[in-house]
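Hi everyone, thanks for coming.

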Amino acid sequence: MLKVLRPLATVIEGFIDRIGGLTAWIALVMIGLVATNVLLRYTFSYGSVWAQELEWHLLAALILLGMSHALQRGENVRVDLFYARYSPLGKRVVDVISALLLITVSLAFIWLSLGYVEQSRSIMEASADPGGIPYRWLVKSLIPLGYGLLVLQQLAHLLRLLDTPLNNGESSHV
């Protein structure tokens with residue numbers, strides 16, 4: 001039965017890869033923006049509240065959109081003190097439990113952030129600083145979106161875990 005769902009895991013992973021590519025571009029834009037802001041501030045004594053806030057918004061997008069891709073690639077921080085000594089079955093159990101816990105936590109973040117985003121949208125929240133960025137709800141909407149991507153990535157990961165036979169002590173990362 002899980003073999004039937006393998007194409008779904010592939011589609012989800014491809015989507016997460018494309019989001020990861022987008023975050024790479026966001027990082028590049030952010031680097032350019034920070035460099036420009038520093039150059040303008042220290043060379044011409046010119047600063048922009050809007051540009052500085054855009055740095056923060058891009059950082060939020062980078063983190064919230066990039067965390068699912070980092071997790072998919074195994075670039076997350078993990079403590080292998082005990083995990084490395086587990087049998088392949090033990091690693092599989094830890095990986096499945098970890099994926100289920102992360103899905104649960106992610107769903108809680110989504111649920112809790114929806115009201116936060118809606119409140120911001122309903123009052124058309126904008127920056128409190130003159131010259132700041134309007135539509136603050138847009139950046140806040142990255143919270144449920146980012147955690148939704150984590151749920152998708154972990155579902156694909158679970159499908160792969162449950163579909164792949166144990167072999168030579170290897171297990172995928174959570």
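**Overall shape, then one residue**

So, let's start with the radius of gyration: this chain comes in at 20 Å, while a compact globule of 174 residues would be near 16 Å. Keep in mind that what you're looking at is a predicted model. If you follow the C-alpha trace along its principal axes, the chain spans about 60 × 40 × 30 Å.

What is it built from?

Now, contacts. Take the ones between residues at least 6 apart in sequence: 77% of those join residues at least 24 apart. As for burial, 32% of the 174 residues in the chain are buried.

For charges, count 13 positive and 12 negative side chains, with the centres of the two sets 6 Å apart.

Okay, let's zoom in on one residue. Asn37 sits in helix H1, which covers residues 2–44. Is Asn37 buried or exposed? Its relative accessibility is 9%, and the cut-off for buried is under 20%, so Asn37 counts as buried.

And which residues does Asn37 touch? Leaving out anything up to four places away in sequence, Asn37 touches Ala51, Gln52 and Glu55.

Note on methods
Residues are numbered from 1 along each chain as its sequence is written. This is a predicted model: local features need pLDDT of at least 70, side-chain atom pairs count only at pLDDT 80 or more; totals for chains, interfaces and linings use all residues. Side-chain values use heavy atoms; hydrogens and water are left out. The radius of gyration is taken over C-alpha atoms; the globule rule is 2.2 Å times the number of residues to the power 0.38. Buried means under 20% relative accessible area, exposed over 50%, partly exposed in between (1.4 Å probe, protein chains only). Contact means heavy atoms within 4.5 Å. Lys and Arg count as positive and Asp and Glu as negative; His and the chain ends are not counted. The place of a charge is taken as NZ of Lys, CZ of Arg, CG of Asp or CD of Glu. Helices (H or I, at least four residues) and strands (E, at least two) are DSSP runs, numbered from the N terminus.
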